[in-house]
Amino acid sequence: MIVAVLVVLVTLGSVAFHMWSPWWWSEIASNWVGMDDTIILTFWITGAVFVAIGLFMAYCIWKYKYNKDKRADYEPENSKLEWALTIITTIGVIALLAPGLIVWKNFVTVPKGAYEIEVVGQQWYWMYRLPGKDGVLGTTDIKNINDDNPFGLNTDDPHSVDDILIDADDLHILKDQTLKLNLRALDVLHDFYVPQFRAKMDMVPGMITYYWFTPIKTGTFEILCAEYCGTGHYSMLGYVIVDEEEDYNEWLSEQMTFEETLASNGKSDLIKIALNKKNDL
Amino acid sequence: MAADSYDDVAKNKDSIPSLEVPPQDLYHAKSWWTKYIFCQDAKVIGIQYALTAVAIGMVGLVSSWLMRMQIAFPGVIPMEAGAYYQLVTMHGMIMVVYLLTALFLGGFGNFLIPLMVGARDMVFPYVNMVSFWVFFLAVIILAASYFVPGGPTGAGWTLYPPQAITSGTPGGDGLGIVLMLVSLAVFVIGFTMGGLNYVITILQARTRGMTLMRLPLTVWGIFTATVLALFAFPALFVAGIMMTLDNMLGTSFFMPAIVEFGERLTYDGGSPILFQHLFWFFGHPEVYIVALPAFGIVSDLISVHARKNIFGYRMMVWAIVVIGALSFIVWAHHMYVAGMNPWFGFFFATTTLIIAVPTAIKVYNWVLTLWRGNIKLTIPMLFAIAFIITFVNGGLTGLFLGNVAVDVPLSDTYFVVAHFHMVMGIAPVLVILGSIYHWFPLITGRFLNERLGRIHFWVTFIGSYSIYFPMHYLGFMGVTRRYFEVFEGDNFTYSIIGINQFITVAALITGAVQFLFFYNIIVSSKFGKKAGKNPWKACSLEWQTPDVPPTHGNFGKELPVVYRWAYDYSVPGADKDYITQDTPPSAVANAKAEQT
């Protein structure tokens, strides 16, 4: 009896915790409402199964408690019941998988016209790069990295010249502008994750990964590194500030291009070739 | 005992004699050394495996206490970030490989396989003995890494390069990571010796009449898990060797060109993602290497203590085999957001959710075994019930993480930590504890103390559920795992400090009560209530030995002959509510058994 009651308590207590505890996700600030919806759907289906199994087991424990004068039923197999349960389970699984795959299809299909920016991770801070006036990110190579060129931009690539470099942990973005984040890591794995945007993807040295999203709310959101990257992993934080157009432009006007950065360090000669090429274009 | 001669069996239409087992010459111990140290008796080797695994497992347990203290009460136990990551890493690796894998396969496998299939011992007793000592060496090497400059590796149990072998990670530029990789390689070598033994013993040394479809599910679980391990561990082995080469000789299997703290390292052209594929090609089957023996054992516990045959035995066997096979094509669901080709997501999400079907069948059949049973709420049964609740919970959260789009927000958060601890940490441990209460009378001839056992059970079950159930909700809030300090950040809608303190207190209590269990084991092995022969009235062969505890050679003069499956409980018409596997049909003429 006590055991049956406790099984019921654990089952229903879990449901109660879910319904009434205050710990829940922060309000979404991106277009990935589909992820939240799929989670809620998954909750309903799996929650129903959890409660059904828990309560049925409690019933069995209570009803079929040992009695030395009784015998258990003898029924080694019941293929009808087994097949019925298999089919119901299969339907439940399809109901979960299908919407999940549709959301994933959206996630991996970057909309045309998404504004491409770059996020760079290294132990243990973030840097960002915007494409500048020409709208194209210059190419990079890890071999180019030095104090004057922390992003490793190719100095002979005309698209590099006007790239805006943000060597700081905070990034401003524009509300309702669809972004494709090109993700790059210089040393080890990192992962650019803002819980309110829901999306995340590891950044892998040696390759460029990406994901896309559209911020739908203004505000300041904390960035967490979500892939273990060494002793300082927990301190690899930053902020994304989602602005309206006016604030965004004000911030943007304060940022320096690659050309300006080099000029301020007295290294303008480094990108002469690129500037020549740019004039040819 | 089965005194029937071979002729009697052949005449009996109800039984199909299996392969004739040639008599095995056993090496009987001549000295203390060969009896207790370099012993060739699988039962002793099983206990050696279990004790070693539990001993190193204590290091894992204490690591988790220290971690939880840092998360909830930072500063109470002063530690630096590097030390925290070393604790995280060693806890994970020890628990998964050196405790659970070694305990289930090396411990339970060695003790139970020969007894349950009706063999005198493993087919290669000498190799079996060597297997244990190689495992022991692996544990020593692992433990040695605590004493080298820089300490053990802090790379996380997944050991992802590049960080595993670079200077930003504790032990990454020292001996820590080297010893970890060497220890794993040695472990794989030792395991392979043992694993081949388990598989060949089950396939070749079953006693007459013990067909594959009469094997207890415990044996099916251990058998399938061992086959998985024999295929999966080589992937870890090569990954470990390649990473060692990258580390020691400067090759670039997994290392691309990188700039670390402003310095360009000499690596170029390797792929960190390749390591992840190799690791998870091992790592996912590893989940089932731990889970399948638990599935098998818990089926037997439920059946024995509910006095009812396991429901749908054949479906249960096929579910184990199908789960085992599918576990090799789902590995990249650990890598949905690792930067691999995103189109892989469709394939791996589909295969992963397909696995839910045979797994669900197993759950249904456990519960349906209880249905219309005659349930004795013994301690093993309590643990089995707790296992079902925990496993259902952990299995269902797998449907979140396996469904690729849902994994995106939850990956790398505490939701993942909660999920895998429920499903492959707590659930298998509950089975281990239950089965120790179940088989202790066979191992020592005495029962464990009932009162202590019940306290141990309730604290362990409620405690571990209290640790991991709320932890999922940290994940929903986006709290990332592997954080030395958990910030109250702007992200979190509600305080996470309180929930973390609750979890830590629950973890300390749940861990502490395990020492009560050890006390129970030590005291009861000397002073426990005498159990006698077959105290649970079980059908399977391990309880039918002439001596309790069984001696070397297990079955006395003659091996038993098997006439039926291991689940003839409450057969209509039979005098008793169980018919042991070695009971000939003539002895229970009135019983209307359907299954053979």
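Nine residues of domain 1 of chain A are in contact with 14 residues of domain 2 of chain A, where contact means that the C-beta atoms of two residues, placed from the backbone, lie within 7 Å. This is a predicted model, in which local features need pLDDT of at least 70, side-chain atom pairs count only at pLDDT 80 or more, and totals for chains, interfaces and linings use all residues. Residues are numbered from 1 along each chain as its sequence is written, while chains are lettered from A and ligands numbered from 1 in the order in which they are written. Here is a friendly tour, from the domains of chain A to its sheets, then on to chain B.

**Domains of chain A**

- The side of domain 1 of chain A that touches domain 2 of chain A consists of five nonpolar, three polar and one charged residue. (Ala, Val, Leu, Ile, Met, Phe, Trp, Tyr, Cys and Pro count as nonpolar, Asp, Glu, Lys and Arg as charged, and the others, Gly among them, as polar.)
- Domain 1 of chain A covers 2-66 + 76-108 and domain 2 covers 115-280; such bounds come from an automatic or database domain assignment.
- The C-alpha centres of these two domains of chain A are 41 Å apart.

**The five-stranded sheet of chain A**

- An open sheet with mixed pairing runs β4-β10-β9-β6-β7 in chain A. (Strands, E, of at least two residues, and helices, H or I, of at least four, are DSSP runs numbered from the N terminus; two strands pair if DSSP finds at least two bridges between them.)
- At the edges stand β4 (170-174) and β7 (202-203) of chain A, each with a single partner strand, so one side of each has no neighbour in the sheet.
- Helix α4 (residues 245-253) of chain A packs on this sheet, where it touches β4 and β10 (237-243) of chain A, and its direction makes about 135° with that of β4(A). (Axes are lines fitted to C-alpha atoms, for helices over the stretch in contact, and angles run from 0 to 180 degrees between N-to-C directions.)
- β6 (residues 190-193) and β9 (residues 219-225) of chain A are antiparallel, paired over two bridges, and A:F192 stands opposite A:C225 in β9(A).
- β9(A) and β10(A) also run antiparallel, joined by six bridges; A:L224 has A:L237 in β10(A) as its bridge partner.

**The six-stranded sheet of chain A**

- A second open sheet of chain A has the order β8-β5-β1-β2-β3-β11 and mixed pairing.
- Its edges are β8 (209-213) and β11 (256-257) of chain A, each with a single partner strand, so one side of each is left without a neighbour in the sheet.
- Three bridges pair β2 (residues 125-130) with β3 (residues 164-166) of chain A in the antiparallel sense, and A:L130 stands opposite A:I164 in β3(A).

**A helix pair in chain B**

- The axes of α4 (residues 81-117) and α6 (residues 176-204) of chain B come within 10 Å and cross at roughly 25°.
- α4(B) and α6(B) are therefore roughly parallel to each other. (Angles under 35 degrees count as roughly parallel, over 145 as roughly antiparallel, 65 to 115 as roughly perpendicular and the rest as oblique.)
- Residues of α4(B) including B:V97, B:L105 and B:G109 meet residues of α6(B), among them B:F187, B:G194 and B:Y198.
- This contact of α4(B) with α6(B) has eight nonpolar, five polar and no charged residues.

**Where chain B meets chain A**

- In this interface, 96 residues of chain B are in contact with 82 residues of chain A.
- α10(B) gives the largest share of the chain B side, 13 residues.
- The chain B side that touches chain A has 60 nonpolar, 24 polar and twelve charged residues.
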